[in-house]
Amino acid sequence: MSTENTLEHKTTKADFDGKQEYTITVYAENRIGLLNRIAIIFSKRKINIESLNTSPSEIDGIHRFNIVIQESYEVVRKLARQIEKQIEVLKVYFNTNDEIIWQELALYKVSTDEIAEKVTVERLLRQYGASAVVIRKDYTVFAVTGHREETDALVKALEPYELIEFVRSARVAIIKDSAGFHEKLKEFEAFEPGEELVENEFLDKGEKIFTM
């Protein structure tokens, strides 16, 4: 598969020389070892992956990887080319933050007594759109969905009020200017139609054919 034909990026007023945040979206077959090979592409170039998410895509049998890094346009373009050389990879996109819609999920464990006794904590949680996931006598777990700056801000706000635990998910992202991978798959099928199945007359012969 030609990388030149499949690799896409919608350019904006990005700083092509300086580093900025990019989200690399990979559509691929879900095969054992692929994630490790993709990770090696980054580690060989000493590039830190800030966020990595894998999930099923809109097409059965095809998985979607969202990888977030801080790099220059040229470096990201070369990385995407290398990823597309993997046989299981069907397509790679890379986009700046203004070209995607993205979210991260964060969970906060807070002392239930603190919430009950201090109106400030309850007000803070409401301000950040937090919703209660689990309420127990000793603690309450809240969930917030948003950008990293928003979830980080709530961490700082809750620090004086016995924030017991905090965890944040990897980024999930959808490309704004995209018709979905269905359309790209149709292009592939039109360009490289599948061959008709031909039965192998030697398939059931086994060792009778291949012994010396």
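User: Which residues touch the most other members in the largest nonpolar core?

Analyst: This is a predicted model, in which local features need pLDDT of at least 70 and side-chain atom pairs count only at pLDDT 80 or more, while totals for chains, interfaces and linings use all residues. Residues are numbered from 1 along each chain as its sequence is written, and side-chain values use heavy atoms, with hydrogens and water left out. In the largest nonpolar core, which has 20 residues, I24, V26, F42, I67, I69 and I83 touch the most other members. A nonpolar core here is a set of buried Ala, Val, Leu, Ile, Met, Phe, Trp, Tyr and Cys residues joined through side-chain atoms within 4.5 Å, where buried means under 20% relative accessible area, exposed over 50%, and partly exposed in between (1.4 Å probe, protein chains only).

User: Which elements give two or more residues to this core?

Analyst: Strand 1 (20-29), helix 2 (34-44), strand 3 (62-71), helix 3 (73-84) and strand 4 (89-96) each do, and helix 3 provides the largest share, five residues. Helices (H or I, at least four residues) and strands (E, at least two) are DSSP runs, numbered from the N terminus. Another core, of 15 residues, lies apart from this one and includes I115, L125, L154 and Y161.

User: What does I67 touch?

Analyst: Leaving aside residues up to four places away in sequence, I67 touches Y22, T23, I24, V26, I38, F42, I49, S51 and L52, a contact being heavy atoms within 4.5 Å.

User: Switching to charges, how many salt bridges does the count come to?

Analyst: The count comes to 13 salt bridges, each being a side-chain nitrogen of Lys or Arg within 4 Å of a carboxyl oxygen of Asp or Glu. One of them joins the side chains of R171 and E21 at 2.7 Å, N to O. This pair links distant parts of the chain, with R171 in the loop between strand 8 (163-168) and strand 9 (172-175) and E21 in strand 1, 150 residues apart.

User: Are R171 and E21 buried or exposed?

Analyst: Both R171 and E21 are buried.

User: And what about R168, which side chain does it meet in a salt bridge?

Analyst: The side chain of R168 meets that of D152 at 2.6 Å, N to O, and this pair too links distant parts of the chain, R168 being in strand 8 and D152 in helix 6 (residues 148-158), 16 residues apart. R168 counts as partly exposed because its relative accessible area is 28%, and D152 is also partly exposed, at 31%. Salt bridges link E50, E104, R148, D152 and R168 in a network.
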